[in-house]
Amino acid sequence: MVDIFVSGKTNLKKKKKEQKVGTRGKAKHKIYKNTHNPIAAFNYYPDHVKFIAADSKERIILVLRRHPITNIRWGVVALFMLLAPFFLSFVEPVAALPTNFQLIAFLIWYMITLAFIIEEFLGWYFNVNIITDERIFDVDFVNLIYREITDANIDQIQDVTVQVGGVLRTMFNYGDVVIQTASEVPRIEFLAVPRPDDIARIIRELRIEEEQEKLEGRAR
Amino acid sequence: MIDVDFGNIDFSGLDPTFWMAAKVMVIIGLLVYLVFAGVIIRQTKYMTDTLEIGFEGVIKVFAWLHMLFALGTFVAAFVIL
């Protein structure tokens, strides 16, 4: 039957609803819109992502980092380090040093402070957990030049456990997602990640999609 | 002769040779630190090669700023001390 009249408002509502749903790529998770902030801890369908271990056809759905609140500790330390010279310059033996040595001492102190901030930020920014439409990854930079990437196929996931405990974690909605797999690495942990329940939901939906693909013979 | 009074330390009596030795030690320490600054740049490159998500340019700038800071401190120590 031909439509006599189609309301423009209905189409607009439908369009807005679709925009709210992450409909990029084959995975549709009716949770969030795409994240456009590269330093977000919860990066849903991030823009312009290149990951060394992902296949070219693999679509990156979620990039996770520790919740930003976990950076407060080193942030406070960095703040004290920045302010320390203003107080310590009056304290012996620093005050007793010749002026030229005091100046160099200041420069060295701020140089070390900058290195500390850079290292802590790099540790937060690049230690990520990635969920693609085929696999999950745990990327760990253990020290300056040692990298460890653990991955497991979505269809090898046997169990997903969400652990949220403590006042801070409950208030700020972050926790651990522990994934039991049938691969060589039996356990992959996403530690102190934001929105752990939503992460578990996304993984569940991906597992369902993988099952459907297998049944339909579309699995890669 | 060093006048050791914990409430009021005075280095003015120290031999100039002591300060020369202190300068040499600071310069050697800064040379080692320059190597560390280079490692940070290498580390940043290694990490950005692993994962690119859009903020790497800023990170590289800070890594190089840190290297320049270390270099500047080294030159300053050479000249000022």
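Predicted model: local features only at pLDDT ≥ 70, side-chain atom pairs only at ≥ 80, totals over all residues.
With which residue does A:Asp155 form a salt bridge? The partner of A:Asp155 is A:Lys214, and the closest N and O atoms of the two lie 3.4 Å apart. Over all chains, the structure holds eight salt bridges.

**The network around A:Arg135**

- A network of salt bridges links A:Asp55, A:Glu58, A:Arg135 and A:Asp151.
- Within it, A:Arg135 forms a salt bridge with A:Asp55, for which the closest N and O atoms are 3.9 Å apart.
- That pair joins distant parts of the chain, 80 residues apart: A:Asp55 is in the loop between strand E2 (50-51) and strand E3 (60-64) of chain A, and A:Arg135 is in strand E5 (residues 135-143) of chain A.
- A:Arg135 also forms a salt bridge with A:Asp151, and here the closest N and O atoms are 3.3 Å apart.
- A:Asp151 is placed in strand E6 (residues 146-153) of chain A, so this pair connects strands E6 and E5 of chain A across 16 residues.
- A:Arg135 counts as buried because its relative accessibility is 14%, which is under the 20% limit.

**Packing of helices H2 and H3**

- Helix H2 (residues 72-88) and helix H3 (residues 99-126) of chain A have axes that come within 10 Å and cross at roughly 170 degrees.
- H2(A) is therefore roughly antiparallel to H3(A), since angles over 145 degrees count as such.
- H2(A) contributes A:Trp74, A:Val77, A:Ala78, A:Met81, A:Leu82, A:Ala84, A:Pro85 and A:Phe86 to the contact.
- H3(A) contributes residues including A:Phe106, A:Trp109, A:Tyr110, A:Phe116 and A:Phe121, along with A:Thr113 and A:Glu120.
- Sorted by class, the residues of this contact are 15 nonpolar, one polar and one charged.

- Three strands of chain A form an open sheet in the order E7-E8-E9, and their pairing is antiparallel.
- Strand E7 (157-163) and strand E9 (187-194) of chain A each have a single partner strand, so these edge strands have one side without a neighbour in the sheet.
- Neighbouring strands of the sheet are turned against each other by 15 degrees on average, direction ignored.
- E7(A) is joined by six bridges to the antiparallel strand E8 (residues 174-181) of chain A.
- In this pairing, A:Val160 stands opposite A:Ile179 of E8(A).
- Helix H5 (residues 196-216) of chain A packs on the sheet and touches E7, E8 and E9 of chain A.
- The direction of H5 makes about 165 degrees with that of E7(A).

Conventions: Residues numbered from 1 in each chain as written. Chains lettered and ligands numbered in written order. Heavy atoms only, no water. Axes fitted to C-alpha atoms, helices over the stretch in contact; angles between N-to-C directions. Helix = DSSP H or I, 4+ residues; strand = E, 2+ residues; numbered from the N terminus. Parallel < 35°, antiparallel > 145°, perpendicular 65-115°, else oblique. Contact = heavy atoms within 4.5 Å. Nonpolar A, V, L, I, M, F, W, Y, C, P; charged D, E, K, R; others polar. Pairing = 2+ DSSP bridges. Salt bridge = Lys/Arg side-chain N within 4 Å of Asp/Glu carboxyl O. Buried < 20%, exposed > 50% of the residue type's maximum accessible area, 1.4 Å probe, protein only.
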